[in-house]
Amino acid sequence: MRSNRLLGSALIEHNLVKFEDLEAANERLLEIAASGDMRRSSVLNILAYETKVLREEDLLHHVVDDHGVGVIDLRAYEVPDEVKRDIDVGACWATWSVPFDKEEDFHFVATAYYLSPAVRAHWEKTLGGQIIWQATTMDIIADFLDRIVEERGEVSRRTGVPMKGATRPPFATGTTTPPIGSKGPFTSGGTKPAFPVAGGTKPSFPLTGNTQAPMST
């Protein structure tokens, strides 16, 4: 809830939504949270896909243009096994963010909630070291986490050893369609020009076919 509250405040501050639209979204958020539907307990989901007063693509462009954050499509990224193994699925759902790579003291985190200070503070404290943030869509985050849960469930069934996040996901498993927007600003096979990564000193990696770590040793 704190992640959502601070994201909403940032959206107002940057003139991305109107105050009355955010108030209505917060009321709806409380209703959804009370039902226990964690996956849809997102103020961004409500604003972008229920009331449709905000386009997620506009938010991404704001984060890129005003904050120098790059973009990534995790569907085209080969996440190292050691990184996937340590992912806290619950924390990822709560923050709409996922660590997807690590190089020495640098951690790479993809997020749909970059504007929420609570989200950034959580991962900075959890991961330590320096974080290079990459913006992405809620659909891509949801798809990534669904695949992580499915993979862990398969390993648990094969080995008989329960894995964290494999047997008690917050939502039904086996789904291939994220419960957010049906189509985000990124599409598989897209050729949209990449944005610069955080700091604006290196070009972002392409949205397709990327299997290399974003930094080389």
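Colleague: What ground rules apply to the numbering and the values?
Modeller: This is a predicted model, where local features need pLDDT of at least 70, side-chain atom pairs count only at pLDDT 80 or more, and totals for chains, interfaces and linings use all residues. Side-chain values use heavy atoms, with hydrogens and water left out, and residues are numbered from 1 along each chain as its sequence is written.

Colleague: How many helices and strands are there in the protein chain?
Modeller: Helices (H or I, at least four residues) and strands (E, at least two) are DSSP runs, numbered from the N terminus. From that end, the elements run α-α-α-α-β-α-α-β-β-α-β-α. The count is eight helices and four strands.

Colleague: What percentage of the residues in the protein chain is buried?
Modeller: Buried means under 20% relative accessible area, exposed over 50%, and partly exposed in between (1.4 Å probe, protein chains only). The protein chain has 217 residues, and the buried share is 47%.

Colleague: In what order do the four strands form the sheet?
Modeller: Two strands pair if DSSP finds at least two bridges between them. Strands of a sheet pair through backbone hydrogen bonds, either parallel or antiparallel. Here the pairing is mixed and the sheet is open, in the order 1-4-3-2.

Colleague: Over how many bridges do strand 2 and strand 3 pair?
Modeller: The two strands form a hairpin with two residues between them. In the turn, Glu 104 has a positive phi of about 55°. Ser 97 stands opposite Thr 111 in strand 3, and Val 98 stands opposite Ala 110. Strand 2 and strand 3 (residues 106-111) pair in the antiparallel sense, and the number of bridges is six.

Colleague: Which strands does helix 7 touch?
Modeller: Contact means heavy atoms within 4.5 Å. Helix 7 (residues 117-127) packs on the sheet, and its direction makes about 140° with that of strand 4. Axes are lines fitted to C-alpha atoms, for helices over the stretch in contact, and angles run from 0 to 180 degrees between N-to-C directions. The strands touched are strand 2, strand 3 and strand 4 (130-135).

Colleague: Is Val 98 buried or exposed?
Modeller: Val 98 has its place in strand 2, where six of the seven residues are buried. Val 98 touches Phe 108, Ile 141 and Phe 144, among others, not counting residues up to four places away in sequence. Its relative accessibility is 0%, so Val 98 counts as buried.

Colleague: How are the planes of Trp 93 and Trp 96 set in their aromatic pair?
Modeller: Rings of Phe, Tyr and Trp (its six-membered ring) pair if their centres lie within 6.5 Å; planes under 30 degrees apart count as stacked, over 60 as edge-to-face and the rest as tilted. The structure holds four aromatic pairs. In this one, the centres are 5.3 Å apart with 90° between the planes, so the pair is edge-to-face.

Colleague: Which residues does the ring cluster link?
Modeller: Phe 100 and Phe 108 form a tilted pair, 6.1 Å centre to centre with 55° between the planes. Phe 100 is buried at 0% relative accessibility, and Phe 108 is buried at 2%. Ring pairs link this cluster: Tyr 77, Phe 100 and Phe 108.

Colleague: What is the phi of Trp 96?
Modeller: Most residues other than glycine have a negative phi, and most peptide bonds are trans. Trp 96 lies in the loop between helix 6 (89-95) and strand 2, and is buried with a relative accessible area of 1%. Its phi is positive, near 50°.

Colleague: Is Asn 15 buried or exposed?
Modeller: Asn 15 lies in the loop between helix 1 (2-13) and helix 2 (19-34). Its phi is also positive, near 60°. At 69% relative accessibility, Asn 15 counts as exposed.

Colleague: Which residue follows helix 4?
Modeller: Helix 4 (residues 56-67) has 12 residues. Its buried residues include Leu 59, Leu 60 and Val 63. The residue that follows has a positive phi, near 65°, and is Gly 68.

Note on methods. Expected span 1.5 Å × (residues − 1).
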